[in-house]
Amino acid sequence: MQTPEASSPSSAAPTPRVLSGIQPTADSFHLGNYLGALRQWVALQETHESFYCVVDLHAITVEHDPALLRRRTKVAAAQLLAMGVDPERSALFVQSHVPEHTELAWVLGCLTGFGEAGRMTQFKDKSAKQGTSGTSVGLFTYPILQAADILLYTPEPGEGERVFHVPVGEDQRQHLELTRTLAQRFNHRFGETFTPPEAFIPEGAAKITDLQEPTAKMSKSASSPQGILDVLEEPGPMRKKIMRAVTDTGTEVRYDEEEKAGVTNLLRIFSALEGTSIADLEGRYEGSGYGQFKKDLAQVVLDTFGPIRERTLELLDDEKHLDSILARGAERASAVATRTMDTVRERVGFVGRGH
């Protein structure tokens with residue numbers, strides 16, 4: 001795979017690289033996924049060499065249905081394409097299609113302290129809820145596999161000061177710090193191999209909360225069905241959820257995190273989707289109350305997600321075409337992952353296969 005470089009290599013820095021992934025654990029992505037991350041994936045294609053994966057290996061750390069996982073993996077990929085991920089510009093692939101992910105995870109696991117892994121906040125939270133008997137070793141080592149996902153796509157040592165970005169939210173910063181630690185530890189022990197990735201919060205990423213509990217994050221695992229807007233939802237239910245979204249006893253459309261958390265969340269959604277500032281929206285709806293505001297917001301949401309839903313269904317109707325896109329993406333990803341693992345194997349001391 002050729003690496004795109006800036007038009008004038010002698011005077012400009014190499015194109016930065018970005019890696020990000022998302023789990024196929026639901027029948028649809030939701031509004032929080034879209035505004036918090038996925039819309040930015042599309043924008044990053046303009047400025048980065050992009051690797052995007054559907055992380056199906058991460059999805060099996062909890063009990064799952066195989067047929068459902070297979071279906072949801074295809075649905076996730078189709079949605080990403082429908083949102084604007086361009087397979088000609090980005091490597092879009094399924095994590096399990098590139099076996100080097102698990103191989104590098106084992107090597108990194110052998111460099112990770114038991115205490116280090118045990119201190120990961122997400123593991124502590126989930127294991128506290130599920131108990132020891134309900135917690136898998138896979139969940140414990142999840143951050144190490146995540147580190148492998150990232151470091152496989154490290155820029156080559158000869159590429160100068162090439163920047164390596166990983167888009168993260170606050171809940172993933174600890175995992176990225178572990179990734180950086182493992183990269184530096186490997187480099188110290190075995191020689192310069194990995195470029196430590198940098199956290200990247202793209203412009204336009206919006207913090208979206210539950211429509212029914214606006215002080216809580218919109219989340220498939222925590223929100224009620226009425227608190228989530230699914231990207232692939234039918235127009236009728238989607239409109240109803242917005243009209244029934246929690247606000248407050250007043251009527252003023254005003255941004256106020258403390259006193260008007262529900263209205264503030266709806267303003268964020270409106271602003272992010274329409275591209276209008278919150279101040280302008282406050283002015284537009286001054287004196288009009290919540291009814292018209294919610295009605296207009298519902299239309300903006302439907303106008304945004306209607307075409308995505310339609311395109312997703314078209315892609316799912318032509319599975320051979322979708323499979324071919326994912327196969328090409330895996331080939332592009334494998335070209336980089338194989339190169340990385342060849343270096344890792346040699347430096348760790350594994351004996352190469354004779355030919």
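# Helices and a sheet, talked through

Visitor: Is the crossing of α1 and α9 left-handed or right-handed?
Guide: The crossing of α1 and α9 is left-handed, meaning the near helix is turned anticlockwise from the far one by less than a right angle (clockwise would be right-handed). Helices here are DSSP runs of H or I with at least four residues, strands are runs of E with at least two, and both are numbered from the N terminus.

Visitor: Before I go on, what kind of model is this?
Guide: It's a predicted model, where local features need pLDDT of at least 70, side-chain atom pairs count only at pLDDT 80 or more, and totals for chains, interfaces and linings use all residues. Residues are numbered from 1 along each chain as its sequence is written, and side-chain values use heavy atoms, leaving out hydrogens and water.

Visitor: OK, back to those helices. At what angle do α1 and α9 pack, and how far apart are their axes?
Guide: α1 covers residues 31–44 and α9 covers residues 261–274; they pack at an angle of about 45 degrees, with 12 Å between their axes. An axis is a line fitted to C-alpha atoms, for helices over the stretch in contact, and angles run from 0 to 180 degrees between N-to-C directions.

Visitor: What do you call α1 and α9, going by that angle?
Guide: The two are therefore oblique to each other. Under 35 degrees counts as roughly parallel, over 145 as roughly antiparallel, 65 to 115 as roughly perpendicular, and the rest as oblique.

Visitor: Which residues make the contact between α1 and α9?
Guide: On α1 they are Leu31, Tyr34, Leu35 and Arg39, and on α9 they are Ile269, Ala272 and Leu273. Sorted by type, the contact of α1 with α9 has 6 nonpolar residues, no polar ones and 1 charged. Contact means heavy atoms within 4.5 Å. As for the types, Ala, Val, Leu, Ile, Met, Phe, Trp, Tyr, Cys and Pro count as nonpolar, Asp, Glu, Lys and Arg as charged, and the others, Gly among them, as polar.

Visitor: New topic: the sheet. What's the strand order, and how do the strands pair?
Guide: It's an open sheet of 5 strands in the order β3-β2-β1-β4-β5, with parallel pairing. β3 and β5 (198–200) each have a single partner strand and stand at the edges, so one side of each has no neighbour in the sheet. Direction ignored, neighbouring strands are turned by 25 degrees against each other on average.

Visitor: How many bridges join β2 to β3?
Guide: There are 5 bridges between β2 (residues 49–54) and β3, and the two run parallel. Two strands count as paired if DSSP finds at least two bridges between them.

Visitor: And what about β4, which strands does it pair with?
Guide: β4 (residues 164–167) is joined to β1 (residues 17–22) by 2 bridges, running parallel, with His165 as the bridge partner of Val18. β4 also pairs with β5 in the parallel sense over 3 bridges, and there Pro167 stands opposite Phe200.

Visitor: Are the residues of β3 buried or exposed?
Guide: β3 (residues 90–94) is mostly covered, with 5 of its 5 residues buried. Ser90, Leu92 and Val94 point one way, while Ala91 and Phe93 point the other way. Buried means under 20% relative accessible area, exposed over 50%, and partly exposed in between (1.4 Å probe, protein chains only). β4 is covered on both faces too: Phe164 and Val166 on one side, His165 and Pro167 on the other, all buried.

Visitor: Which helix lies across β1, β2 and β3?
Guide: That's α12 (residues 319–348), which runs at about 100 degrees to β3.

Visitor: Let's switch to α8 and α11. How do their axes meet?
Guide: The axes of α8 (235–243) and α11 (residues 289–317) come within 9 Å and cross at roughly 145 degrees. That crossing is right-handed. The residues in contact include Met238 and Ile242 in α8, and Leu297 and Phe305 in α11. The contact of α8 with α11 divides into 9 nonpolar, 2 polar and 3 charged residues.

Visitor: Last one: where is Ala245?
Guide: Ala245 is in the loop between α8 and α9. Ala245 is buried because its relative accessible area is 4%. Leaving out residues up to four places away in sequence, Ala245 touches Leu211, Gln212, Leu266 and Lys294.
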